[in-house]
Amino acid sequence: MLKTKKMIPLAIPHMSGMEEKYIQKAFSENWIAPLGSNVDAFEASIASYNRVLESAVVSSGTAAIHLALQLLGVGAGDTVFCSTFTFVASINPALYLGAEPVFIDSEQETWCMSPFALKKALEDARKKKQLPKAIIVVHIYGQSAKMDEIIALANEYGVPIVEDAAEALGSTYRNAPLGTLGDLGTFSFNGNKIITTSGGGALVAKQAEKIAEARFLASQSKEDAPYYLHHQVGYNYRLSNVLAGIGIAQMDVLNDRVAKKQEIFATYEKGLADVPSLVMMPELDIAKGNRWLSTMAFCVETVGKTPEDVIKLLKARGIDSRLLWKPMHQQPLFQDALFYADEAGDVATKLFQTGLCLPSSTQMTQEEQEYVMDTVKEILSK
Ligand SMILES: *Cc1c(COP(=O)(O)O)cnc(C)c1O
């Protein structure tokens, strides 16, 4: 038994220690505002890390997705295709704009969007003469979707892609940063993400001029005029210059955090390899995910316990764990929405019913992880 009384958390913020220096800079310059030198430096850092010309930082990942959809002209009566296996924040912006989501299943090799289901949905949409205005591809748990297949389909039908890379900052596909493969990409710096500003988000775009447009929309669409002039709807979505200071310091340790998350995953994969029916979240050979959360699935019949049972037993032993995302097409909010399943059946629901997220904090000690693995083995084996 571990000599500690506190819970081993799922994932908690991990500061570098340099954040307060940049917060102090905002104070000493008295730029306590949603613009200033920290905002500029944070945007430059995100752009250069992701090898794009520009990025816009905003108040949340949800705001970034909202702006992305607005930039693509999504409006009332439009449809938007989206991964069903995600957090509701991927979808809510479509609702803000009066659009209707259509949910696309996951597939087994990535747990992300199924190209098979996407193809069926696009074929149907063409028959109905209502192609979607956008496809929101989520890189769930920081792991890449099958982007070659998804991009080929999007190009064939002429539909733009928004990559919801909220969980995937620092991940790559064919060595390209996730978030930069589609037309627009979004990130989140919420408290639970791989780096955090307590709350915040960012937008990147294939066409750099889209970023200027995003900043305009995020500043109430205020025109460049001697008085307050507005031609279109706008939002107050810019990120605080104080919080951007946290972001600058966090970007400096992003690569360390990614390396540590990948190490935690590899340790679980090795240590849990002989547990009957347990599988860790898979990954394509051509992708390198940040392993934001280490996730696994198992056979409920073999183990004789559900994920909820396992979570309760882990909690009693001082270990925090979580269920996988409950698919959007299973949410009361979306009971009338269309859903396209993978060829293997409803993969996302199956994942929800058989999987969990293991403690993945980058501060977790080796001793703590050994204790987690021993406890998981014990619970799943008896
Ligand atoms: C966290 C998250 C978001 C939203 O980000 P916020 O910054 O919390 O608004 C969107 N999509 C996914 C998949 C997320 O995990």
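This is a predicted model: local features need pLDDT of at least 70, side-chain atom pairs count only at pLDDT 80 or more; totals for chains, interfaces and linings use all residues.
In general, strands of a sheet pair through backbone hydrogen bonds, either parallel or antiparallel.

Strand β6 covers residues 172-173. β6 and β7 pair in the antiparallel sense over 2 bridges. Take Tyr 173: its bridge partner in β7 is Ala 176.

Now the ligand. The shell around the ligand holds 16 residues. Thr 62, Asp 164, Glu 167, Ser 188 and Lys 193 are the closest. By class, the shell divides into 5 nonpolar, 8 polar and 3 charged residues. Helix α3 (residues 61-71) gives the largest share of the shell, with 3 residues.

| Residue | Protein atom | Ligand atom | Distance |
|---|---|---|---|
| Gly 61 | backbone N or O | oxygen | 2.7 Å |
| Asp 164 | polar side-chain atom | nitrogen | 2.7 Å |
| Asn 190 | side-chain N or O | oxygen | 3.4 Å |

How much of the ligand does the protein bury? Taken alone, the ligand exposes 380 Å². The protein buries 94% of that area.

Asp 164 is one of the closest residues to the ligand, and a polar atom of the Asp 164 side chain lies 2.7 Å from a ligand nitrogen. Gly 61, by contrast, reaches a ligand oxygen through a backbone atom.

Methods:
Residues are numbered from 1 along each chain as its sequence is written. Side-chain values use heavy atoms; hydrogens and water are left out. A residue is near a molecule or strand if one of its heavy atoms lies within 4 Å of it. A polar contact is a pair of N or O atoms within 3.5 Å; within protein, one must be able to donate a hydrogen and the other to accept it, and residues adjacent in sequence count only if both atoms are side-chain atoms. Accessible areas come from the Shrake-Rupley method with a 1.4 Å probe; for residues, only the protein chains shown count as cover. Helices (H or I, at least four residues) and strands (E, at least two) are DSSP runs, numbered from the N terminus. Ala, Val, Leu, Ile, Met, Phe, Trp, Tyr, Cys and Pro count as nonpolar, Asp, Glu, Lys and Arg as charged, and the others, Gly among them, as polar. Two strands pair if DSSP finds at least two bridges between them.
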